[in-house]
Amino acid sequence: MSTQPSPRIFQSHTSSPLGDVLLAATEQGLAGVWFVHDQEHMPDSSEWTTDDAHPTLAAAAQQLREYFSGQRQSFDLPLQPAWGTPFQRDVWQALQRIPFGRTSTYGDIARDIGNPKAVRAVGAAIGQNPHTIVVPCHRVVGANGSLTGFAGGLDRKQYLLSHEATHA
């Protein structure tokens, strides 16, 4: 039985108003975006190659700067889902359909992927989103509109939602 080799992963860091961000990419695209403080949700990057000039990483850093300056509402980056189950990837794709400056609920996402009873599983999948900000998991709120979990912390989630409301 042959196993596929893991893709080579490149990394770089960029700063944001919310703290340092770790970016990861393969040759096929952006593999992840994480707030550096959030060690619990970050993969082990010790084997990754640092490459600040990697085209996808440089583009991601530039687009994040544009997003935070209010000049960008969506990201134009090739995504390489190096992680995740097919269900998680369906959820992450649904997140990309939430418009800038708007919010959705876990139930809305479950219905969007055709599995309306999977609200808790949707929440778990959102919590594992490897593309923070780029795949806008921060736009998902509780059924009553309350802020709910965010791997980057609720203060960052509030900042992102306020930022988007201001620049929508």
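Me: What makes the strands an open sheet, and in which order do they stand?

Reply: The model is a predicted one, in which local features need pLDDT of at least 70 and side-chain atom pairs count only at pLDDT 80 or more, while totals for chains, interfaces and linings use all residues. Residues are numbered from 1 along each chain as its sequence is written, and side-chain values use heavy atoms, with hydrogens and water left out. The open sheet holds 4 strands in the order β3-β2-β1-β4, with mixed pairing. β3 and β4 are the edge strands, each with a single partner, so one side of each has no neighbour in the sheet. Strands (E, at least two residues) and helices (H or I, at least four) are DSSP runs, numbered from the N terminus.

Me: What joins β1 to β2?

Reply: Here too 5 bridges are found, and the strands run antiparallel. Serine 12 stands opposite leucine 23 in β2. This hairpin has 6 residues between the strands, and glycine 19 takes a positive phi near 115°.

Me: Why is β3 called largely enclosed?

Reply: A residue is buried under 20% relative accessible area, exposed over 50% and partly exposed in between (1.4 Å probe, protein chains only). In β3, 6 of the 6 residues are buried, so the rest of the structure largely encloses this strand. One of its residues is valine 33, as β3 spans residues 30-35. Valine 33 has 1% relative accessibility and therefore counts as buried.

Me: How do you know that both faces of β2 are covered?

Reply: In a regular strand the side chains alternate between the two faces of the sheet. Val21, Leu23 and Ala25 lie on one side, Leu22 and Ala24 on the other, and all are buried.

Me: Which residues are in contact with valine 33?

Reply: Contact means heavy atoms within 4.5 Å. Leaving aside neighbours within four places in sequence, valine 33 is in contact with Val21, Leu22, Leu23, Leu64, Pro130, His131, Thr132 and Val134.

Me: Why is histidine 131 called buried?

Reply: Its relative accessibility is 3%, so histidine 131 counts as buried. This residue lies in the loop between α4 (119-127) and β6 (140-141). Histidine 131 touches Leu30, Ala31, Gly32, Val33, Leu79 and Gln80, not counting residues up to four places away in sequence.

Me: Why is the pair of phenylalanine 68 and tyrosine 159 called tilted?

Reply: Rings of Phe, Tyr and Trp (its six-membered ring) pair if their centres lie within 6.5 Å; planes under 30 degrees apart count as stacked, over 60 as edge-to-face and the rest as tilted. The structure holds 5 aromatic pairs. Tyrosine 67 and phenylalanine 75 form a tilted one, at 5.6 Å centre to centre and 35° between the planes. For phenylalanine 68 and tyrosine 159 the centres are 6.4 Å apart and the planes at 45°, so this pair is tilted. The pair links distant parts of the chain, with phenylalanine 68 in helix α1 and tyrosine 159 in helix α5 (residues 154-167), 91 residues apart.

Me: What makes arginine 156 a charge over a ring?

Reply: The criterion places NZ of Lys or CZ of Arg within 6 Å of the ring centre and within 35 degrees of the ring normal. The charged end of arginine 156 sits over the ring of phenylalanine 35, 4.7 Å from its centre.

Definitions and conventions:
Pairing = 2+ DSSP bridges.
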